[in-house]
Amino acid sequence: MSIKAGVHDVVAVIGCQKMTELGTPEILALMGRVGEVQWESGFGTTFPGYYAMFAKRHMHEYGTTREQLLEVAVKNHHYGAMNPYALFRKEITLEKALASEDVATPFQVYDCCANADGAACVILASEERARELSQKPVWLDGMGCGTASMSVLRRPNLVGLPSAEQAAAAAYEMAGVGPGDVKVADVHDCFTVAEIMAYEDLGFCKKGEGGPFVAERQTYIGGKVAVNVDGGLKAKGHPIGATGVSMTYEIAKQLRGEAGERQVPDADVGLTHNVGGIGQYCFVQILKRD
Amino acid sequence: MFKWFGKVNYTPYTKVSDFAQYLKDGHLMGSRCKKCGATSFPPRADCGACMSGDFEFYELSGKGKLHTFTKIVAAPTGFEDVTPYIVGVVDLEEGGKALAWFGDTIPEEGIQIGMEVQMVPRIFEELEEIKVYYSLEQPGTTWAKTDSR
Ligand SMILES: CC(C)(COP(=O)(O)OP(=O)(O)OC[C@H]1O[C@@H](n2cnc3c(N)ncnc32)[C@H](O)[C@@H]1OP(=O)(O)O)[C@@H](O)C(=O)NCCC(=O)NCCS
Ligand SMILES: [Zn+2]
């Protein structure tokens, strides 16, 4: 915004977070309060617990299966194994994921991202400066943000994020593109169901069809739209403050054709989808190359 | 008195603090806007429909249908002694939703989305300080009510 206003012409955006100084119960307690603290946190709600309730409801309404949910984790570990910056650089199988420990039913460990440390940076510049500074500038063509009620008890439904739908609509409109134009996307897969809801909220598939969409490999490279081919939050890791910036980094690499083994062919339009809390807010960006 | 509400309470001060006193006496209360009549559970002092700050409590039956649920195994600090516990979100008959623990009258295997449940006021008997909450029980479960207010 300060670039558009002419106040600055080059800006560094840095995201970082070091989560691992605390143990899991303390992190769960602190982050559990992303829910509504007056009527919900007193019952020991957790981050995984909220998304687990979204997952149960999604399974109930649309017949989404445990296997379909965990296919998200299998895919993201598959690509994480190719990313030198990923926290988990190991492929996993559905069997292994289904055998992992319970966290909040139906979720097991492999439905969840891990607490992580990390940092990322992107350099923003005016159009003129960007052309001077870079051989392959990437353009931020669309941005949107959306919000939803703090409490899940006051949401219209628990099978998607209204904030993501609003953010996507605004970003697509600003960029003059639609979901069908997006070749590569980084979405907020803090839990397996979150990626499935993201496909639906972003319009990559119809509401309720996110489970089959991933199981049919439509979000692998070669499918309709490559999603989280950097490993996503699941395998790359989710150092909360760094995640959004690292998504922009990944999509920029993809649009420049510099993603190596996990390069998406002909990537010309990319998208990032970053969610705050349990969907209280969401930001979507559309990025393009020349 | 809202510090009574919840196993761990993060919000001791609220405009609807009488809720906890009612709950201790066995009454489940929602709020009603005195200006436009909009009702809410959880109760709220400031109306979400017309922004008026003038509200009154009204008593709910506590009947509802299960919207979704989860059994929390990886628990936060402060809940170690009750882990694992099952949390459900309920669509209340009189409107609104509540989040609560499942109580002992409903076995884990019997829990299904869409099932009818009864929300019941509870006190943590084993604790010395006053701690109140509500739990989800079999329809037809009854409880004692008093009026200390
Ligand atoms: C799933 C979760 C409860 C596991 O916690 P935990 O069992 O205490 O994990 P620990 O940190 O003790 O790690 C134990 C081992 O499991 C691994 N591990 C932890 N979480 C993992 C995950 N999500 N997936 C795969 N492996 C995981 C660790 O690398 C570690 O392996 P090592 O023993 O080989 O070093 C925790 O990672 C969690 O709460 N995740 C959700 C985070 C969250 O809510 N983020 C915000 C979302 S927007
Ligand atoms: Zn009103």
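Begin with the second largest pocket, which holds about 530 Å³ of space. This is a predicted model, where local features need pLDDT of at least 70, side-chain atom pairs count only at pLDDT 80 or more, and totals for chains, interfaces and linings use all residues. Residues are numbered from 1 along each chain as its sequence is written, chains are lettered from A and ligands numbered from 1 in the order in which they are written, and side-chain values use heavy atoms, with hydrogens and water left out.

Select Val109(A), Cys112(A), Cys113(A), Ala114(A) and Asn115(A): of the 28 lining residues, these are the closest to the centre of the second largest pocket. On a 1 Å grid over the protein atoms alone, a pocket is an open set of points where a 1.4 Å probe fits, with protein on both sides within 12 Å along at least five of seven lines; a cavity is a set from which the probe cannot get out, and lining residues have an atom within 4 Å of a point. Points are joined across faces, edges and corners, and the volume is the space filled by probe spheres set on them.

Next, colour helix H1 (24-32), helix H2 (47-62) and strand E2 (102-104) of chain A, the elements that give two or more residues to this lining. Helices (H or I, at least four residues) and strands (E, at least two) are DSSP runs, numbered from the N terminus. H1(A) supplies the largest share, four residues. The lining of this second largest pocket has 19 nonpolar, four polar and five charged residues. Here Ala, Val, Leu, Ile, Met, Phe, Trp, Tyr, Cys and Pro count as nonpolar, Asp, Glu, Lys and Arg as charged, and the others, Gly among them, as polar.

Move to the largest pocket, with about 1,400 Å³ of space. Its lining has 39 residues, and Ile123(A), Leu124(A), Ala125(A), Leu140(A) and Leu287(A) lie nearest its centre. Elements giving two or more residues include strand E4 (117-125), strand E5 (138-147) and helix H10 (240-255) of chain A. E5(A) gives the largest share, eight residues. By class, the lining of the largest pocket has 24 nonpolar, ten polar and five charged residues.

On the H2(A) side, the contact (heavy atoms within 4.5 Å) is made by Tyr51(A), Phe54(A), Ala55(A) and His58(A). Residues of H7(A) in it include Val193(A), Ile196(A) and Glu200(A). This contact has seven nonpolar, one polar and one charged residues.

Stay on helix H2 of chain A and select Lys56(A). Beyond its neighbours within four places in sequence, Lys56(A) is in contact with Thr105(A), Pro106(A), Thr68(B), Phe69(B) and Ile113(B). Lys56(A) and Thr105(A) are 49 residues apart in sequence and 8.3 Å apart in space, C-alpha to C-alpha.

Then check the backbone. Most residues other than glycine have a negative phi, and most peptide bonds are trans. Thr105(A) and Pro106(A) are joined by a cis peptide bond, with omega about 5°. Pro106(A) sits in the loop between E2 and strand E3 (107-108) of chain A. In chain B, a cis peptide bond joins Thr83(B) and Pro84(B), with omega about -5°. Pro84(B) lies in the loop between strand E4 (63-72) and strand E5 (85-92) of chain B. Finish at Asp266(A), a residue other than glycine whose phi is positive, near 55°. Look for Asp266(A) in the loop between H10 and E8 of chain A.
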